[in-house]
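Here is a guided walk through one structure. Keep the sequence and the 3D view at hand while you read.

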Amino acid sequence: MLSLLLLLAACGSEQNDPYPRAERGQNILYSAFTERPKHLDPVQSYTEDEITFTAQVYEPPLQYHYLKRPYTLIPLTSDAVPTPRFYDAKGRQLPADAPTAAIAYSVYEIRIRPGIRYQPHPAFAIEAGGQPVYRDGEQLRDIEKLADFARTGSRELIADDYIYEIKRLAHPRLHSPIFSMMAERIVGLRQLGAALQDEARRMPAGGWLDLDRFPLAGVTRVDRYTYRIKLRGKYPQFVYWLAMPFFAPVPREVDRFYHQPGMAAKNLTLDWYPVGTGPFMLTQNNPNSRMVLERNPNFHGEAYPCHGEPEDRADGLLADCGQPLPFLDKAVFSREKESIPYWNKFLQGYYDASGISSDSFDQAVRLGVGGDMQLSEEMRGKGIRLLTSVRASIFYLGFNMLDPIVGGLAEQPTRLRQALSIAIDQEEFISIFMNGRGIAASSPLPPGIFGYLEGAAGSNPVVYDWVDGQARRKPLAAAKKLLAEAGWPNGRHASTGEPLVLSLDTTSGGMGDKSRLDWLTRQFAKLDIQLVVRSTDFNRFQEKVRKGAVQLYYLGWNADYPDPENFLFLLAGPEGKVAKGGENASNYANPEFDRLFEQMKNMESEGPRGVERLAIIRQALALLQHDAPWIYGFHPTSYTLSHVWLRNRKPTEVGHNTLKYQRIDVAERQRLRQEWNRPVLWPLAVVAALLVAVLLPAAIGYRRRERSTAR
Amino acid sequence: MLAYLVRRLLYALPILIGVNLITFALFFVVNTPDDMARMQLGVKRVTPEAISRWKAERGYDKPLFINDEAIGSAVFTDTIFFSKSARMFAGDFGRAEDGRDIAREIVSRMGPSLAIALPTFIVGLLVTVSFALLLTFFRASYLDFWGVVLCVAMMSISGLFYIIGGQYLVSKIWRLVPISGYGGGLDAWKFLLLPVLIGVLSGIGSSTRWYRTIFLEEISRDYVRTARAKGLSELTVLFRHVLRNALIPILTGVVVVIPLLFMGSLLTESFFGIPGLGSYTIDAINAQDFAVVRAMVFIGSVMYIVGLILTDLSYTFVDPRIRFN
């Protein structure tokens, strides 16, 4: 084994290169993924692990501008961002500023740009007569993977492909996570779901359900490149959904191709091998080891943006203005389950970018004199850059508003929740447990979302005083006063004297979590409140939350799209978890908030209506801050490190089709990799010497013993 | 011998049913079919209808063990336990919850698992047996004393420490091999060197001590004294006489693990990014994928039984006096 190592080392530098030698010097981006994606079918995939891949392959009609903030929708395959037309119940068209109550239907007409073509794929291979080459499963005998198909083809993207995908939302065997929600909106989708379910029951398992045989009343084809989607009522957030893979095109022949007999048994499914028009195509899918995206030779072309935020020019993000996309030939994603190998390979230059795990935080980042985060000397020496952005997420400690002690909108429980909001020092939590990677939340809305306010206007007046231009957490005395007003002076019931004991349900329980829970218990103890932590597994926790059998709980939410509606609906009465099975885990139901929410959610953020919307959001947030159904925890900040050779990388929290913008300076990477990865050989000599030092006396001893005479 | 083999295989059946039953019961004590559905469908925007559909589609809407509403044998057969277990005895492992064919996945992952486990096993066995014989030769000397001290020290260190320390020294500081990853074909060897080295090193302590004890017991026997009296060299005595006669206890511990080599190593595969069966099992447990967990436990049990039978068979080869009745 030692000689093998010596042999390896003798071959030159970069012996620790985990990639094939043939890939050296190629225009490839190297990245890693921790969790294996479960679904790559656009109708099912919803998590970040999945959309990292699907967003590069599938092209919905819209996308987010890569550089502009706040996040701005722009066309991707469509010729414009669609503006809805409104109709009343009798089908008469209404003006754009019609009152929401009068709007019975909204119609979005989307026109696709002609000439966009799909990636090469065997599903598109056709005979001279127009029949698909692979259609009856007979040719599958020698096929094990997609690359084994000898013939591929392509065709133009048409409106029917988008319609087919919208129908797939209702497919009973695909379990699209947004079906129920979209069935409330898209006219006819629920009926389609029922019809498909009936049909699926009659079909053999795995059979192909030809969706073209089933009409969808709310989605119509206008011409080859145009389709209309009819929604119930007004739903301005619908355009954001049009930027997600749920609304990407899926051609009927691709669906049929993957449903040929024997395909599923060979793991050849659309869920595994996506087919799209995007800049990349998935050519290798081994989520246990390596996933490879390669440039789609049929990509329709797109230019790098020329406008962004003011600081983008200084950051070099506009240097490639107008250049054709994508820049990369290939992107290789390797599975790294453990953070230590991931981090070390990044430092060796074998990953182009990396997050910072808590294990490596001190090595990567130092706290500056002014309290700001700076890269460590080691990182700066390697030319590594730090990219930070506040995530469009919130983590919070929720109260169950149905609970007799902490719940309800009456004065006393409200005071109790307010007191706890003050006592639990989120800034301290962020500093101790998150290495400062987050900002304390004043409301459900994170920065970058319409309605989020900076400064005094955005500060939560229940929890903070605004002093010298800064939010300062109210003193503990204020919390104690509130607690007394709540009927629990010094943590004891005003009349019975019983101590106040609250319980927290959490999925935490490991070694690392104990210190967090101890800290939280101490926060409650500041008000002489006893906290009982009930740790459980995630399934039981969810069940308890569903049944309302919790008092306090920890949860978080990542935005689907950058609109306040996507956060505030988490506290809307009709979304109550216990009553309706919705997303409002606190079961908060304040009619005034619900009224404001209903009003706000149907409004646009732009133009004069935007000002009005902002005013309503401020009222709604003030209500939430007063009622305190959550202790607004924090909005996490993501820290990404990128090597000097990786260009055009800008953190984004909602747009995921970002691979096409990134560029690699291959020569620089190669040079630095060689410099950083020269093998160190002397330890091998030391090990060899040690072995000799052990074996030589043994050999001498053996020889001596063999030659010694009997005594 | 054939009758013996048939009898052993028949004994295996109730064991496998029992293992399957226990796996099933333990899994469903912790996870309900609703939990499995939620895990597969995600936590955002999941409706009760979607959960019901998911369960019905996969047969998780049936009772676990007894179907009170069924008639005749269907009381037992129209249950989750029967429908999910019976096919496994015919070698049909079905599909993972993500739709992938489990048998195909197992076949594709067996290679990487064996690529680590087999060299680790063979090299480890050679090194530890040789080292144990060396210590036996120098018994009661300083070399033996320090050798045993070294073994005790090595067996006291956690396997995780070997992995992290090995990655740190060999891959990060000395930059000799990749820290993690896996490549097919000829590229594989540079990824395997370090995990194999670590696997061998981490096993030296305990195995060497065990073999040394066996050899020391053998070396005091009369036949050894006779062999020495014949004038044989000590090496010949150790390798040809002591080792051969000490094989039965060695085989008892060694042969049984040979079939289990297919199952891979949970920790090593996870840290070195090896896409083998060990990491497959861990992923399935984390994803609450009952189909895969059940299949892997079943295969593990089969392999263990096969290992025990092979161990029995191996006794007849090393000791011709042993006969099966």
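Among contacts in chain B between residues at least 6 apart in sequence, what share joins residues at least 24 apart? The share is 69%. Contact here means heavy atoms within 4.5 Å.

A word on the ground rules. This is a predicted model, in which local features need pLDDT of at least 70 and side-chain atom pairs count only at pLDDT 80 or more, while totals for chains, interfaces and linings use all residues. Residues are numbered from 1 along each chain as its sequence is written, chains are lettered from A and ligands numbered from 1 in the order in which they are written, and side-chain values use heavy atoms, with hydrogens and water left out.

Stay with chain B for a moment. Its secondary structure comes to 15 helices and zero strands. Helices (H or I, at least four residues) and strands (E, at least two) are DSSP runs, numbered from the N terminus. The C-alpha atoms of chain B fill a box of roughly 80 × 60 × 35 Å along the principal axes. Chain B has 325 residues, and 49% of them count as buried. Buried means under 20% relative accessible area, exposed means over 50%, and partly exposed lies in between (1.4 Å probe, protein chains only).

Now turn to where the chains meet. Chain B brings 63 residues to the contact and chain A brings 70 residues. Together they bury about 6,000 Å², with 52% of it on carbon and sulfur atoms. Buried area is the accessible area (1.4 Å probe) that two parts lose on being put together, summed over both. Four salt bridges cross the interface of chain B and chain A. A salt bridge is a side-chain nitrogen of Lys or Arg within 4 Å of a carboxyl oxygen of Asp or Glu. Arg540(A) and Asp35(B) meet in a salt bridge through their side chains, at 2.6 Å from N to O.

The interface of chain B and chain A also has 22 residue pairs in polar contact, both residues at pLDDT 80 or more. A polar contact is a pair of N or O atoms within 3.5 Å; within protein, one must be able to donate a hydrogen and the other to accept it, and residues adjacent in sequence count only if both atoms are side-chain atoms. Several helices of chain B each supply at least two residues of the side that touches chain A, including helix 2 (33-41), helix 6 (102-137) and helix 9 (188-219). By class, that side of chain B has 29 nonpolar, 13 polar and 21 charged residues. Ala, Val, Leu, Ile, Met, Phe, Trp, Tyr, Cys and Pro count as nonpolar, Asp, Glu, Lys and Arg as charged, and the others, Gly among them, as polar.

Next, look inside. A nonpolar core is a set of buried Ala, Val, Leu, Ile, Met, Phe, Trp, Tyr and Cys residues joined through side-chain atoms within 4.5 Å. The largest nonpolar core has 93 residues, and those that touch the most other members are Met182(A), Tyr227(A), Ile229(A), Phe238(A), Trp241(A) and Phe247(A). Helix 3 (residues 159-168) of chain A gives the most to this core, with five residues. Leaving aside residues up to four places away in sequence, Phe247(A) touches Met182(A), Phe238(A) and Trp241(A), among others. Apart from this core lies another, of 36 residues, among them Val46(B), Ile80(B), Ile102(B) and Met296(B).

Is Ser376(A) buried or exposed? Ser376(A) is buried, at a relative accessible area of 1%. Its place is in the loop between strand 16 (373-375) and helix 11 (377-381) of chain A. A polar atom of its side chain lies 2.7 Å from the backbone oxygen of Gln363(A).

Finally, follow the charged pairs. Over all chains, the structure holds 68 salt bridges. Glu109(A) forms one with Arg228(A), with the closest N and O atoms 2.4 Å apart. Glu109(A) lies in strand 6 (residues 105-111) and Arg228(A) in strand 8 (residues 226-232) of chain A, so the pair ties together parts 119 residues apart in sequence. Lys650(A) and Glu309(A) also meet in a salt bridge, at 2.7 Å from N to O. That pair links distant parts of the chain, 341 residues apart. Lys650(A) counts as buried at 9% relative accessibility, whereas Glu309(A) is partly exposed at 21%.
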